[in-house]
Amino acid sequence: MKKHVLAMLLAIAAIPTAAAAGEIYGTIKDQGKLVKEGVPVTMACGATSVPGATDKNGAYRLFASAEGKCTLTVKMGSESPAAVVHSYAESARYNFHLEKKDGKYTLKAE
């Protein structure tokens, strides 16, 4: 019985989990002010996409499915400016501001 319990615990420990990758969080500003609640934010890491939205303080919090280079996209009306973020085992803070140039948004890290 003890062997089965030990084997089961080892099998569970070997299963990768979402917690193995890090949290990406921060704030988004537009024209120097925090964006409103509900602005769609998506993080794509490889083939996996994680959707989210800003809260009432213009903050977002997403959990990457894997470590490595990811793309964070913010949906502003019909535009979707994006920036590169990196997921690590630990949490990483990325604060962004939206710039509008020639009528198009770009997403810049602060």
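Select Val 41 and look across to strand S6, where Val 74 stands opposite; strands here are DSSP runs of E with at least two residues, numbered from the N terminus. This is a predicted model, in which local features need pLDDT of at least 70 and side-chain atom pairs count only at pLDDT 80 or more, while totals for chains, interfaces and linings use all residues. Residues are numbered from 1 along each chain as its sequence is written, and side-chain values use heavy atoms, with hydrogens and water left out.

Next, select residues 40-45 and 68-74, which are strands S3 and S6: they run antiparallel and are joined by four bridges, where pairing requires that DSSP finds at least two bridges between two strands.

Now select Arg 61 and Glu 23, which form a salt bridge with their closest N and O atoms 2.3 Å apart; the term denotes a side-chain nitrogen of Lys or Arg within 4 Å of a carboxyl oxygen of Asp or Glu. Because Arg 61 lies in strand S5 (residues 59-63) and Glu 23 in strand S1 (residues 23-30), the pair ties together parts that are 38 residues apart in sequence. A search of the whole structure finds one salt bridge.

Finally, colour the two residues by accessibility: Arg 61 counts as exposed at 51% relative accessibility, whereas Glu 23, at 13%, counts as buried (buried means under 20% relative accessible area, exposed over 50%, and partly exposed in between, with a 1.4 Å probe and protein chains only).
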